[in-house]
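Visitor: I have a new structure to look at, and I'd like to learn how to read it. Could you walk me through some features?

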Amino acid sequence: MKVIKEKHPLAMRWTHWVNFPILTIMIWSGMLIYWANDEYKITLFGHTYFNFFPEWFYKALHIPHRLAEGMAFHFLFMWFFTLNGILYVLYTLISGEWRELVPQKKSFKEAWLVLLHDLHIRKTAPPQNKYNAAQRIAYTAIIVMGLGSLITGLAIYKPVQFYYLTWLCGGYHFARILHFALTIGYVLFFVVHIVQVILAGWNNFRSVISGFEIVHEEPKPVIETTTPNDEKPVQ
Amino acid sequence: MKSLNQLLKPPRQMMKNPFNKKNRAPKKPLTVDQKISRRNFISFGSFVVLGSAAFGGWKWLYNSPEEAKTVTAGARAPLRRALNQTELAVRRIFSNNNLVKTYPKDRAAKNVRHNSDIGSEGKVDIAAWVLQVKKQSGEVLKISLDELKALPKTDIIYDFKCVEGWDQISHWGGVKFSDFINHYKLDDQTRLQYVGMETPDQKYYVGIDMPSAMHPQTLLAYEVNEKPLPAKHGAPLRLIIPVKYGIKNLKRIGSITFSDNRPRDYWAELGYDYYSGL
């Protein structure tokens, strides 16, 4: 028998979907800014493996010579990015949802088992509540990264007025590197996230829009006398 | 006859919140499938409607017209408004107690980076050069380099920051702008809101808000690495203002003006933030 199982609260769905386009705009406008001084590369033992970014990439995304535009967009949408992030964190703390999200002591060991399971190396995954151990780590890390982007961003936005943040981030030059690295982190997160969402399937995806999942349960052995819609969904 | 109150009161059924299971009418129970399709309809409908609205909003912003050219130009009109509003917010955290970090002398770059020569191309006749200070009254002070060098000298070794994103520790020496103001008794001029500076050929020009100009680390610099400024770094006198991006650090100052209106600014006319503060 089909049963509606409540999963994601409205506040979580709302902030998730507001964040998605805002973060996209922040990354895009960030690239318009980064282009003006695109000095980061991956170099090991004197050999450069990758330049951020190759010329074809800039051309394909129409990035060159748009620094002023990039700054204007970036310094408008930073407000929305921050506000949305604060709302999400406040909601998570006040509602108690953080208990489902913050990694537990066992999460780090379990996350490894989840990974092995996801890679079809191990047959069973550890028992979980709303989120498995790997999700707990990922969804908490992404919030910490968001805070990191805010702090490193302020450190390079107003390095004199927020000199203590700039100091905290290891100086202006290093803060800019961190700000960039965090953005690369979002892109990697996004790739894994999308793959996982596709693998998890429709029921899971729908729950981030409509809030519920459908589970199939055995009919109860007792004779039902009340109308079924008075029942609380089985948690 | 029904009372007005009764008429205004909507029937009970209309007040039902489809998300609230308690309000479901017990008469016609919905099946689980009906509940699912109803909730899917509402949530996916809202998702599509709100998503389309957001996309429409983005298209509006992206295609919004360029601002009318005033002292600023080149940005989308709504984005310029946002930059100006943001300036008001960040001005609140500006303080003369917030100082740019300074470094020991040996950290200063020997090869000081040079980005642009707009307004300071070619050689300048230093002997013929004078700094023109135009007061609001119309009075003009003409000040020579030697007169400026006779004032107390201040050195600063700090991390110069370009709007492009690079930074470099460099060593500058000159007269503190606030010392210069005091010495020439220009205090009344600092009650105005802005300082404007232009190159002798008037091809490069900046506007600086008074609090930033009067910041204790703002210099009228005539030395780099303890030697007179070379032409490419703005000989004979340039602005070094650590609370601003490099674009505001005008090279080869020809004139200084004071105004309550924003003076014209080279990069603000090309879509950059007028304030450009750090």
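Guide: Let's take a few features one by one, keeping in mind that this is a predicted model.

Visitor: Let's begin with helix packing. At what angle do helix H1 and helix H9 of chain A pack?

Guide: The angle between H1 (residues 10-34) and H9 (residues 202-210) of chain A is about 95°, and their axes are 7 Å apart. Angles of 65 to 115 degrees count as roughly perpendicular, so H1(A) is roughly perpendicular to H9(A).

Visitor: Which residues make that contact between H1(A) and H9(A)?

Guide: On the H1(A) side you'll find A:Met12, A:Arg13, A:His16 and A:Trp17, while H9(A) brings A:Phe205, A:Ser207, A:Val208, A:Ile209 and A:Ser210. Sorted by kind, the residues of this contact are 5 nonpolar, 3 polar and 1 charged.

Visitor: What about the surface? Which residues form a nonpolar patch there?

Guide: Look for A:Phe20, A:Val187, A:Phe190, A:Val191, A:Ile194, A:Val195, A:Ile198 and A:Leu199, which together have about 730 Å² of accessible area. Helix H8 (residues 172-200) of chain A gives the largest share of the patch, 7 residues. A:Val187 is found in that helix, H8 of chain A.

Visitor: Now charges, please. How many salt bridges are there over all chains?

Guide: Here's the general idea: side chains of opposite charge can pair when their charged atoms come close. A search of the whole structure turns up 17 salt bridges. One to look up is the pair of A:Glu6 and B:Arg39, at 2.7 Å from N to O. This pair crosses between chains, with A:Glu6 in strand E1 (residues 2-6) of chain A and B:Arg39 in helix H2 (residues 32-62) of chain B.

Visitor: And the backbone? Which residues does a cis peptide bond join in chain A?

Guide: As a rule, most peptide bonds are trans, and most residues other than glycine have a negative phi. In chain A, a cis bond joins A:Phe52 and A:Phe53, with omega about -5°. A:Phe53 sits in the loop between strand E3 (47-51) and helix H2 (55-61) of chain A. Over in chain B, the bond from B:Ala235 to B:Pro236 is cis too, with omega near 0°. B:Pro236 is in the loop between strands E8 (227-228) and E9 (238-240) of chain B.

Visitor: What is the phi of A:His120?

Guide: A:His120 has a positive phi of about 60°, although it is not a glycine. You'll find A:His120 in the loop between helices H5 (107-118) and H6 (133-157) of chain A.

Methods:
Residues are numbered from 1 along each chain as its sequence is written. Chains are lettered from A and ligands numbered from 1 in the order in which they are written. This is a predicted model: local features need pLDDT of at least 70, side-chain atom pairs count only at pLDDT 80 or more; totals for chains, interfaces and linings use all residues. Side-chain values use heavy atoms; hydrogens and water are left out. Axes are lines fitted to C-alpha atoms, for helices over the stretch in contact, and angles run from 0 to 180 degrees between N-to-C directions. Helices (H or I, at least four residues) and strands (E, at least two) are DSSP runs, numbered from the N terminus. Angles under 35 degrees count as roughly parallel, over 145 as roughly antiparallel, 65 to 115 as roughly perpendicular and the rest as oblique. Contact means heavy atoms within 4.5 Å. Ala, Val, Leu, Ile, Met, Phe, Trp, Tyr, Cys and Pro count as nonpolar, Asp, Glu, Lys and Arg as charged, and the others, Gly among them, as polar. Patches are made of residues with over 30% relative accessible area and no salt bridge: like charges are joined within 9 Å, nonpolar side chains (Val, Leu, Ile, Met, Phe, Trp, Tyr) within 5 Å. Accessible areas come from the Shrake-Rupley method with a 1.4 Å probe; for residues, only the protein chains shown count as cover. A salt bridge is a side-chain nitrogen of Lys or Arg within 4 Å of a carboxyl oxygen of Asp or Glu.
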